[in-house]
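I opened this model to look up how its parts pack together, and I am keeping the entries in the order in which I followed them.

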Amino acid sequence: MANELTWEHINKIGVLLCDTHPEIEPHAVGLNDLHGYVTALSEFKGDPKYFDEPTLEAIRSAWNTEFQERTRNWA
């Protein structure tokens, strides 16, 4: 299905994490916690055991980019 996310959907996961946890600053999230946030997403259908550190770092970076865009002071 189109709405089912796997580890390959890095940017989509980053946006969804920002939607789900707008109060969290992603750069401060450890990789173990990040793994938990990703696998807890209802849209996530990937295998929780099939991931690697570079993928988690890329997701955290995508989440942080989205967070920065949303919290930027445009004034």
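**Entry 1: the tryptophan and its surroundings**

I began with Trp63, and, leaving out residues up to four places away in sequence, I find that Trp63 touches Gly14, Leu17, Cys18, His21, Ile24, Pro26, Val29, Leu34 and Tyr37, where contact means heavy atoms within 4.5 Å. I note that this is a predicted model, in which local features need pLDDT of at least 70 and side-chain atom pairs count only at pLDDT 80 or more, while totals for chains, interfaces and linings use all residues. Residues are numbered from 1 along each chain as its sequence is written, and side-chain values use heavy atoms, with hydrogens and water left out.

I place Trp63 in helix α3, with helices (H or I, at least four residues) and strands (E, at least two) taken as DSSP runs and numbered from the N terminus. Trp63 counts as buried because its relative accessibility is 0%; the classes are buried under 20% relative accessible area, exposed over 50%, and partly exposed in between, with a 1.4 Å probe and protein chains only. I also looked up one pair across the sequence: Trp63 and Lys12 are 51 residues apart along the chain, and their C-alpha atoms are 8.9 Å apart in space.

Is His21 buried or exposed? I read a relative accessibility of 17%, so His21 counts as buried. Not counting residues up to four places away in sequence, His21 touches Tyr37 and Trp63.

**Entry 2: helix α3**

I then took up α3 itself, whose buried residues are Thr55, Leu56, Ile59, Ala62, Trp63 and Phe67. They cover an arc of only 135° around the axis, which puts them on the same side of α3; the arc is that of the directions from the helix axis to the C-beta atoms. The buried residues of α3 pack against α1 (10–20) and α2 (31–40).

I checked the length of α3 as well: at 1.5 Å a residue its 19 residues should span 27 Å, and the end C-alpha atoms are 26 Å apart, which agrees. The expected span here is 1.5 Å times one less than the number of residues.

Thr55 belongs to this helix, which runs over residues 53–71, and Thr55 is buried, with a relative accessible area of 17%. I find a polar contact between the side chains of Thr55 and Asp52, at 2.5 Å, the term meaning a pair of N or O atoms within 3.5 Å, where within protein one must be able to donate a hydrogen and the other to accept it, and residues adjacent in sequence count only if both atoms are side-chain atoms.

**Entry 3: helices α1 and α2**

In α1 I list Ile13, Gly14, Leu16, Leu17 and Cys18 as buried, and what covers them includes α2 and α3. Val15, also in helix α1, is partly exposed at 31% relative accessibility; leaving aside its neighbours within four places in sequence, Val15 is in contact with Glu66 and Arg70.

In α2 the buried residues are Leu31, Leu34, His35 and Val38. Seen down the axis of α2 they fall within an arc of 105°, so they line one face of the helix. The face turned away from that buried side carries the exposed residues Asn32 and Ala40, while the buried residues of α2 pack against α1 and α3.

**Entry 4: the whole chain**

Last, I looked at the protein as a whole, which has three helices and zero strands and follows the pattern α-α-α along the sequence. The radius of gyration is 12 Å, close to the 11 Å that the globule rule gives for 75 residues, so the protein is as compact as a globular protein of that length; the radius is taken over C-alpha atoms, and the rule is 2.2 Å times the number of residues to the power 0.38. Of the 75 residues, 32% count as buried. Among contacts with a separation of 6 or more, 77% are accounted for by residues 24 or more positions apart.
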